[in-house]
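Please look over the model below. My notes follow as numbered points.

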Amino acid sequence: MSAKLGAPEGAPGATARLVARYAGVEVDEQAGAAVVQLELGGEVVAGLVPVAQSLARASAQAEQLLGATPSEKAQVLEWLTHATTELSAVSDEALARLNAHLEPRTFLAGGTHLTLADLVAFGLVHDAVAALPGAQAGAFTNLLRWLDLLQHTADAGGEFARVPIVLPAFVPPPPPPSAERASKAGSAAPSGGSQAAAGGKKADKAAKGGDDKAAAKGGDKAAAKGDKAAAAPSSSSSSSAATTAAVAAVGAAAAGAAAGAAAAVEAGSKKKEGKKDKAAAAAAGGGGKQKEAEEARIDMLDIRVGTIVSVQQHPNADALYLEEIDVGEDKPRQIISGLVRFVPLEAMQGRRVVVVTNLKPAKMRDVMSYGMVLCASNDAHDAVDPITPPEGVPNGERVTFEGFGGAPLEEVNPKRKILERLFPDLTTNAGELKAAFYAFASFGSSQRAVDMEGKNFIKLCKDAKLLCKALTTTDVDLLFAKVKAKGARKITFPEFMRALDGGCSLAEVVAVVTGCGGPQDSGTKAEAVKWHDDKSLYTGVYGKGGPTNVDMDPTNLAGLCDRSSADVRGVKHAPGSGAGSRRTTGDGRIPAARCSTGEAPAAPAPAGGRRSTSEGIKNLRL
C-alpha cells in the first residue's frame, strides 16, 4: 500500500519515517512539510501519533504494533498519549520516569515484543539520550539498555544516528566447590598411635604459644584418629601388647585434644581482645577520616576563573560543545559542556566562565573532558546560563567561600559522590531576583519580556529606593550603557547581575531589589479628594448634571446655528425657534413660538421626515 508522507526536519519527521519503514508501508515522502501528515486511502491525517497509528493499522504487523490483548492495547494508547504530552520537550525528569518504568520491563507495554509506543518514544527521546554526559550514564542504565536494543533491531536502517553505549563486561561468578573436593576434605586420616602422638605434639606446641589454628586442628585430628585406632577391630587374635598400645593411643589422643582445646580458647580470647583494641584505636584516631568521608565541603572543589578561547561543536554529539578554556595554566584546558540547547555558539566564544578543575577526567563521546563549567538553571531546567565571574578577576583565580578555607582535593573521586551531595546546597535567591527582573522588564508591556530596557532599569532603581545623591538617574543610565552588549538596546539577566554588583555588597542590593515588591504602578492612581469624589458637593453647571450637547441637533445647519436660550446645561426650555431645538411640552409636542421676524414658525415635519434646508435657514435668528 502506497501513501504520501509529509515529514518535516527533526525528531517527529524521522520518527514517522521509522514507523513507516518498520511497518512495511511504502510511502512517497513530501519534502517541505510543516507538520507530520499522511495521505492514505484518500484520508489525510496530521500529527505524529495519528500518522503512526494509521501506518500501524495499514501494516501486516498491526496486532503486534497496536497490542495483542486489551490490556496491551490500553498500555500502547496510554504511552502514545504520554509521548505527545511529556516527551515532546524531553527533560531529565521525563527520562528518569522512563528509566524507572523500564527497570522490570524489556519494552514499554510490558510484553515480549516491541509496539508502536516503543517506536514513537524511541524517536522522541533519541536526541536527548545521545546528549547525556558520560557521568550520567549510570543513572539511566535501563533507558540505555532499551535504546540500545531498539537501535539495533527496529532502526536497523539507520534512520537515527547510532548512540555508542558502553555495556559492562560480564564477570561470571566463581564455580561452587565440587563434591569430590568436599569428600576429600572430610575423609578420615590414617589411624595409628604415632599419628595420635603427633597430634598431641601439635597440641603441646600450640599450648606453648604456637599457631592456635594448628593446635585446634591437630587436637581434633588426634582425637579422631585415636578413637578410630582404638575402635578398629583386629583381624587376628588380640594380644596384651596390642591392647596396651591401644590404651596408650587413646590416652595420648585425649591429652592432645584437651591441650588443643585449651590453647584454642586462650588464643581466641587474645584475638577478640586484639580486635577490640583495633576498634578502639580506629574510633580514637580514625574518626576524622570517617567524618571526612561522610561530609562533603565546598572547599574540596578547585573552582577557577577562566576564559573560553575557542569553542566548536562536538564531533560526535549535536548537543555538546568542545571548548578550550584558559584557567591560568600553561595551556588551555579541554572541557566538554552540554550547552548547545541553551547558549548559542557565538555567545560562548570569549566568554568568562567558572570551571571546576579537579574532577577526574572523563571521556564523553570518545573525547576527553578535563573539568566542568559551572552553570545556573531554573527548576524546570529549560533555562541554563554559565556563571559569570566579576570583571577584573584574572584567569586562574580560585573561587572561595566564606567560612570554607580548606585546601581542595587533588582529584575528586566520583565514588564519593561529592558533587551530588553539594549540588542541592548550591542555590541562591536568584529565583526571586529573576522574578523581580522579569516583572520590571515586562512593566508597561502586554507580553512577558526576558530582557530589560533602560527606562525599566531606572524604574527598578527608583522603586527599590536605590536612587540617592550618590546614585542619580544619570549614573544608572551610564551603568546600563556599560553592561549592555555593543549595539543592543536591552540587557540580559547576567548583565543585570553585573550592573548590581557595584561598590556596595551585592547581597544587600539583591535583598533590596527582591524586597521592593515589584514595579509600583502609582502614576495613574490619584489620591482621594472629597470635592471630586463626592458628587453631592458639586455646584454650578456640574451640580445640575454637567454641560451637554445631546439636546442639539447636529444633523443640519439649523441645529448647529441655533442660538435660542437654554439652561445652564445647554438644554433649551425657553420659547424660541430653531430647527435643532428639542424643547417639548408635557405631552411631548413642540410648543408654539414665534421667531424674531414675527412670523409663525413653520409646521413640524411629518413623522419620519425632515424639514428642508431652506425652511431651517429661514427660521434662523440672525
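**Notes on the model**

1. Start with Glu 93, which lies in helix 5 (residues 92-101). Helices here are DSSP runs of H or I with at least four residues, strands are runs of E with at least two, and both are numbered from the N terminus. Glu 93 counts as partly exposed, at 39% relative accessibility. On this scale, buried means under 20% relative accessible area, exposed means over 50%, and partly exposed is in between (1.4 Å probe, protein chains only). Now look along the chain: Ala 380 is 287 residues apart from Glu 93, yet their C-alpha atoms are separated by 8.9 Å.

2. A word on the source. This is a predicted model, in which local features need pLDDT of at least 70 and side-chain atom pairs count only at pLDDT 80 or more, while totals for chains, interfaces and linings use all residues. Residues are numbered from 1 along each chain as its sequence is written, and side-chain values use heavy atoms, with hydrogens and water left out.

3. Next, Ala 128. This residue is found in helix 6 (residues 116-130). Ala 128 is buried, with a relative accessible area of 16%. Leave aside its neighbours within four places in sequence, and Ala 128 is in contact (heavy atoms within 4.5 Å) with Val 90 and Leu 95. Asp 318 is 190 residues apart from Ala 128 in sequence; C-alpha to C-alpha, the two are 9.9 Å apart in space.

4. Helix 6 also packs with another helix. Two packed helices are described by the angle between their axes and the distance between the axes. The axes of helix 2 (residues 48-57) and helix 6 cross at roughly 140 degrees and come within 11 Å. That makes helix 2 oblique to helix 6. The axes are lines fitted to C-alpha atoms over the stretch in contact, and angles run from 0 to 180 degrees between N-to-C directions. Angles under 35 degrees count as roughly parallel, over 145 as roughly antiparallel, 65 to 115 as roughly perpendicular, and the rest as oblique.

5. Which hand does the crossing of helix 2 and helix 6 have? It is right-handed. The term right-handed applies if the near helix is turned clockwise from the far one by less than a right angle, and left-handed if anticlockwise. Helix 2 makes the contact with Leu 48, Ala 52, Gln 53 and Ala 56, and helix 6 with Leu 116, Val 120 and Leu 124. By class, the residues of this contact divide into 6 nonpolar, 1 polar and no charged. Here Ala, Val, Leu, Ile, Met, Phe, Trp, Tyr, Cys and Pro count as nonpolar, Asp, Glu, Lys and Arg as charged, and the others, Gly among them, as polar.

6. Helix 16 (residues 454-463) and helix 17 (residues 473-483) have axes 10 Å apart and pack at an angle of about 130 degrees. That makes helix 16 oblique to helix 17. Helix 16 passes helix 17 in a right-handed crossing. Gly 454, Phe 457, Ile 458 and Cys 461 of helix 16 make the contact with Thr 473, Val 476, Leu 479 and Phe 480 of helix 17. This contact has 6 nonpolar, 2 polar and no charged residues.

7. On to charges. A salt bridge is a side-chain nitrogen of Lys or Arg within 4 Å of a carboxyl oxygen of Asp or Glu. By this rule the count comes to 10 salt bridges. One of them joins Arg 17 and Glu 29, with the closest N and O atoms 3.1 Å apart. Arg 17 lies in helix 1 (residues 11-23) and Glu 29 in strand 2 (residues 26-30), so this pair ties together parts 12 residues apart in sequence. Glu 29 is partly exposed, with a relative accessible area of 45%.

8. Arg 17 forms a salt bridge with Glu 159 too; their closest N and O atoms are 2.8 Å apart. Glu 159 sits in the loop between helix 7 (141-153) and helix 8 (179-186), 142 residues apart from Arg 17. Arg 21 also forms a salt bridge with Glu 159, at 3.0 Å between the closest N and O atoms. Arg 21 lies in helix 1, so this pair ties together parts that are 138 residues apart in sequence. Arg 17, Arg 21, Glu 29 and Glu 159 are linked in a network of salt bridges.

9. Last, check two backbone angles. Most residues other than glycine have a negative phi. Arg 365 has a positive phi, near 55 degrees. Asp 366 has a positive phi of about 70 degrees. Arg 365 lies in the loop between strand 9 (362-364) and strand 10 (367-369), and Asp 366 lies in the loop between strand 9 and strand 10. Buried or exposed? Arg 365 counts as buried at 16% relative accessibility, whereas Asp 366 is exposed at 59%.
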